[in-house]
Amino acid sequence: MTTTAYLDQVRAALADVPAGERDELLADVESSLVEGEGPPEERLGPPERFARELRLAAGLEPAPPHAARRWATRLRALAGRGSMFAPLWWVARAYVAVAALGLLLGSTWPDRPVHFLPMLHSGRFTIAACAIALVASLWLGARRPAWQAGVNVLLAVAALPVLVHDIDTRAWETPPPPATVTAAPVASGLDYNGNAVANVYAYDRTGRLLHDVRLYDQAGRPLNVGARDPGADPLRRIVRSRGGAIALNAFPIRYVEPGTRRVAHPDAAPRARVAPLR
Amino acid sequence: MDASQLLRGTLDAAVLAVVSDRDGYGYDVVRRLREAGLAEVAEASVYGTLRRLYGSGALTSYVQPSDEGPHRRYYGVTPHGREVLAAGRETWRDFSRALDALLAIDSEVKV
C-alpha cells in the first residue's frame, strides 16, 4: 500500500471527526510517514487500528459504528454550518413545543388574533406558555446541557405534525375579516336554482303545450320575466290584460318577426319530450 | 505487568520530557522515545498525544518549511507544559518509589 492510500484509509476512518481537527492530525501523520521505510501497514499496522489509536491518544470520541459514520459526518457538517442559525432553532423549537402541546390536547386553533397558535385553556395561558417555552429554549441553548440533544430530537420529531397541521390550515394566511353577509343581488325576473329563467313552457296532462299561461307564486305575485319597457326587448310579443296592462307573466314568451307583429315560431317549445301523465 | 498500559499512563510526561529537551516534530519525538528505551511506543499514540497536549496548552507548535517533502510541524513546550511535566515527575517519583518498595526492589541497585 502506498503512503497516500494508507493515509486515505486513515482519513476515512476519521470521517466523523471535525474537518479541522482531522486535517491537523493527518498533517502530522503524513509528514512523519514520509520518513519511514517500507510499506506503512507493516510499520504501523492496519489503517483502521492506527486510526483508532490516534483517536484514543488524541482524546477524541471513539468511532461510531460504520454505518452511522456517514450520517455523523453529514450531521456535523450541517451543525457546523448551521451554528449561526442556532438561535433561530431555539425560537422555532419553543413554537413547536407550544403547537405540539396544542395538537396533543386537541385544542382549537382560533382564527384571531393569529391562526398558528392553539388556544391552550385561555388566551392568557397560551401567551404564558409561549413565554415560558421561549425562555426555557433560550436557556437550554445558552447552557447546553448534555440532554439538550434529546430535547432537540424530540422537538424535531414533533415539528413534523406541527408542520403538517400548519400547512393544512394555511396558518400563514391572515384570516379575512368576518364577512358581512351581503344579500345576493336580487335578479329581476325568474330564477331557478341560480339560473335565470328566460321563458316557461307549460304542458297540460295530455302533453299539449299551453299558450298564454299566467303564472303566480304562493303569495299571489306574478312570476314576471322581462321589463315593462318594450324598448328593452323590442321583438317580444306584448300580451295585455283586459285592462290594458302588459302581462309579463304570460308564458311562453313569444317573439315576433322583425318588422311585423307575427309571432315567429308560434309552436316553439324546448326540446323536452313531455309525455302524457298517467 | 502490562508495559503498554504503563506507557499509556506515562506517555504524556515522556513526550513532554522529550520536547522540553529540544523542540521536535512527530516522527522525531517517536525516534527519541524509542532511543530512550521505550521500544514499544506506537507512532499513533505519539501523534495523538502531541495533538492533545497542544490542544490543552502544554505545547506550542510551528511549521518548519522543508525542501524535501511536506512541511514539518514542530512542537515546543510552554510554561504550562513545564508545570505539567514537573508535576508528572513528582507523581512518577512517588509512584515508582511506592511500587519499588512493594515489589521489594532494592532502590540503590536501580540506575
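Me: How many salt bridges does the structure hold over all chains?
Reply: There are 16 of them over all chains. Keep in mind that this is a predicted model.

Me: What makes A:R11 and A:D8 a salt bridge?
Reply: The cut-off is 4 Å between a side-chain nitrogen of Lys or Arg and a carboxyl oxygen of Asp or Glu. The closest N and O atoms of A:R11 and A:D8 are 3.2 Å apart, so the pair falls within that limit. Both residues sit in helix 1 (residues 3-13) of chain A, three residues apart, which is about one turn of the helix.

Me: And why are A:R11 and A:D8 called partly exposed?
Reply: Partly exposed is the band between the 20% mark for buried and the 50% mark for exposed. A:R11 has a relative accessible area of 34% and A:D8 comes out at 40%, so each lands in that band.

Me: Are A:R55 and A:D16 buried or exposed, and what makes them so?
Reply: Buried means under 20% relative accessible area. A:R55 has 4% and A:D16 has 7%, so both count as buried.

Me: What makes the A:R43 and B:E43 pair a link between two chains?
Reply: A:R43 and B:E43 form a salt bridge with their closest N and O atoms 3.2 Å apart. A:R43 lies in helix 3 of chain A and B:E43 in helix 3 (residues 43-55) of chain B, so the pair joins two chains. On accessibility, A:R43 has 26% and counts as partly exposed, whereas B:E43 is buried at 4%.

Me: Which residues does the salt-bridge network link?
Reply: It links A:E21, A:E24, A:D28, B:R51 and B:R73. One of the salt bridges there is A:E24 with B:R73, at 3.3 Å between the closest N and O atoms. Between chain A and chain B the count is seven salt bridges.

Me: Where on chain A does the side touching chain B come from?
Reply: Helix 2 (19-33), helix 3 (40-44) and helix 4 (47-57) of chain A each supply at least two residues. Helix 2 gives the largest share, seven residues. By type, that side divides into nine nonpolar, three polar and six charged.

Me: How many residues does the contact take, and what area is buried?
Reply: It takes 18 residues from chain A and 18 from chain B. About 1600 Å² is buried between the chains, with carbon and sulfur atoms giving 54%. A:D28, A:E35 and A:A57 supply 32% of what chain A buries against chain B, more than any other three residues.

Me: Why is A:T126 called buried?
Reply: Its relative accessible area is 6%, and the cut-off is under 20%, so A:T126 is buried. A:T126 sits in helix 7 (residues 123-143) of chain A. Beyond its neighbours within four places in sequence, A:T126 is in contact with A:P118, A:M119 and A:L120.

Me: What makes A:H121 worth a look?
Reply: Most residues other than glycine have a negative phi. The phi of A:H121 is near 65°, a positive value. A:H121 is in the loop between helix 6 (86-105) and helix 7. With 76% relative accessibility against a mark of over 50%, A:H121 is therefore exposed.

Me: Which peptide bond is cis?
Reply: The one from A:F251 to A:P252, with omega near -5°. A:P252 is in the segment after strand 4 (250-251) of chain A.

Conventions: Residues are numbered from 1 along each chain as its sequence is written. Chains are lettered from A and ligands numbered from 1 in the order in which they are written. This is a predicted model: local features need pLDDT of at least 70, side-chain atom pairs count only at pLDDT 80 or more; totals for chains, interfaces and linings use all residues. Side-chain values use heavy atoms; hydrogens and water are left out. Helices (H or I, at least four residues) and strands (E, at least two) are DSSP runs, numbered from the N terminus. Buried means under 20% relative accessible area, exposed over 50%, partly exposed in between (1.4 Å probe, protein chains only). Contact means heavy atoms within 4.5 Å. Buried area is the accessible area (1.4 Å probe) that two parts lose on being put together, summed over both. Ala, Val, Leu, Ile, Met, Phe, Trp, Tyr, Cys and Pro count as nonpolar, Asp, Glu, Lys and Arg as charged, and the others, Gly among them, as polar.
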